[in-house]
Amino acid sequence: FELTRGNRVELLINGDATFDSILDGVRAAEDYVLFQFYILRDDATGNRFMDQLKRKARQGVRVYVLYDELGSMELSPKWIAAIRSADIRMIPFNTRRGRRNRFQLNFRNHRKVVVVDGKAAWLGGLNIGDDYLGLDPKLTPWRDTHVRVDGPAAVMAQAVFLSDWHWAGREVIEGLDWTPHAPKTLVGAGEPVLVLQSGPADDHETASLFFTQVINLAERRIWIATPYFIPDEATMVALRLALLRGVEVCIITPDLNDNWFVRNAPFINTIRRHHTAHHNQNIMMERN
C-alpha cells in the first residue's frame, strides 16, 4: 500500500453534508457510478438516492450497487426488483453463501464506498438511511463522519469496490477508468491519501496492525471517534504507551449505542479507571 499525492480532500460532518455531497457527485457522473453500503434502507433517504441513481441510469450512466445481505436484510424483494428494472446492476454481498451456512453470519461487508467515473470517491462511516440524518427518535442525535476525495486516490477506492464486486458476483466490471486524474481545483500540492483495504482473506491482520502502528507513531495527539470501541490488548498497550510519552489521547463514543453488546461491554469502566489513574496525562473519554 502506498500514499497517493495530489488529492483534494473534503471532510464531511454528519448526514446532511455527506448525503448532499454524494448526490452532487452522482448527478455529475458521465460514465459510471459504483455504490456500496453495508446498510441501505427503504425509507425517504434510501429512495432519494435510488431515484437519483435511476435518473442517471436513464441517461446512459452505468450504475453498480452492492449491499450487505445482513446489514440490509430489511429490504424487500419488490424494492430491489424495482431498482434492477431501471437497468441498475444491484447485487448483495452474499454473506452466508446459502441459507444453511449459518456459521458464516459474521462474515459481513461494512464498507461504504462511492466512486464516480474513477475521479471522485466517498468513504466513511455513514450508511444510507433516515437514522443517519438523526431522524430515528431512539438514536438521536446521530454523529458520524465521511470524506470526499478527488484525485488519484479515487482509483484506489475503485479497486476496493471491484474486488468486493468480484467476490459477491463472480464477475469483473469492464471499462472502468484506471487513469489517475488530478482534481479540477487544487490548493498547492494537494493532500497525500492512503486507501487501506482489509478483510478476512488478508495474510495478516491489516487493520489491527495499521491502527497499532499509527498509535505508536503519534507524537502529539491521538483522537479516536468510533461507535464501537472494544479495544484488544495490543491497542490498549499502544494507547498506554502513548500516554506515558506525553501524547494527548481523546476518545469519543456514543452515549446511546445501537448495539446491545457494545453498550454492555466492560471496557468503559476499564477506560474510566485508567482515566482516573492518569488524569494528569491528558486522557479524555467522552460519551457523545
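The terms here are simple: buried is under 20% relative accessible area, exposed is over 50%, and partly exposed is in between, with a 1.4 Å probe and protein chains only. Asp 87 is in the loop between helix 3 and strand 4 (89–93). Its phi is near 65°, a positive value in a residue that is not glycine.

Before going on, the ground rules. This is a predicted model, with pLDDT of at least 70 required for local features and 80 or more for side-chain atom pairs, while totals for chains, interfaces and linings use all residues. Residues are numbered from 1 along each chain as its sequence is written, and side-chain values use heavy atoms, leaving out hydrogens and water.

Back to the backbone. Most residues other than glycine have a negative phi, and most peptide bonds are trans. Arg 170 has a positive phi too, about 55°, and is not a glycine. Arg 170 sits in the loop between helix 4 (153–169) and strand 8 (191–193). Arg 170 is exposed, with a relative accessible area of 52%. Then there is a cis peptide bond. That bond joins Thr 140 and Pro 141, with omega about 0°. Pro 141 is in the loop between strand 6 and strand 7.

Now the whole protein. There are 8 helices and 11 strands. Helices (H or I, at least four residues) and strands (E, at least two) are DSSP runs, numbered from the N terminus. Of the 288 residues, 43% are buried. Next, contacts, meaning heavy atoms within 4.5 Å. Take those with a separation of 6 or more: residues 24 or more positions apart account for 78% of them.

On to helix packing. Two packed helices are described by the angle between their axes and the distance between the axes. Axes are lines fitted to C-alpha atoms, for helices over the stretch in contact, and angles run from 0 to 180 degrees between N-to-C directions. Under 35 degrees is roughly parallel, over 145 roughly antiparallel, 65 to 115 roughly perpendicular, and the rest oblique.

First pair: helix 2 (residues 44–58) and helix 3 (residues 77–84). Their axes come within 10 Å and cross at roughly 25°. That makes helix 2 roughly parallel to helix 3. From helix 2, Gly 46, Asn 47, Met 50 and Lys 54 meet Trp 79, Ala 82 and Ile 83 of helix 3. By class, this contact has 4 nonpolar, 2 polar and 1 charged residues. For the classes, Ala, Val, Leu, Ile, Met, Phe, Trp, Tyr, Cys and Pro are nonpolar, Asp, Glu, Lys and Arg are charged, and the others, Gly among them, are polar.

Thr 212, Ile 215 and Asn 216 in helix 5 meet Ala 234, Thr 235, Ala 238 and Leu 239 in helix 6. The contact of helix 5 with helix 6 has 4 nonpolar, 3 polar and no charged residues. Ser 208 also belongs to helix 5. Ser 208 is partly exposed, at 23% relative accessible area. Ser 208 and Ala 234 are 26 residues apart in sequence, but 8.6 Å apart in space, C-alpha to C-alpha.

Two buried residues next. Leu 40 is in the loop between strand 2 (32–37) and helix 2. At 4% relative accessibility, Leu 40 counts as buried. Leaving aside residues up to four places away in sequence, Leu 40 touches Phe 35, Val 65, Tyr 67, Ser 72, Leu 75, Met 90 and Ile 128. Leu 40 and Gly 129 are 89 residues apart in sequence and 6.4 Å apart in space, C-alpha to C-alpha.

Ser 21 lies in helix 1. Ser 21 is buried, at 8% relative accessible area.

Of its 18 lining residues, Lys 119, Ala 120, Arg 148, Asp 150 and Lys 184 are the closest to its centre. Helix 1 (14–27), strand 6 (120–124) and strand 7 (145–150) are the elements that give two or more residues to this lining. The lining has 6 nonpolar, 4 polar and 8 charged residues. A pocket here is an open set of points on a 1 Å grid over the protein atoms alone, where a 1.4 Å probe fits, with protein on both sides within 12 Å along at least five of seven lines; lining residues have an atom within 4 Å of a point.
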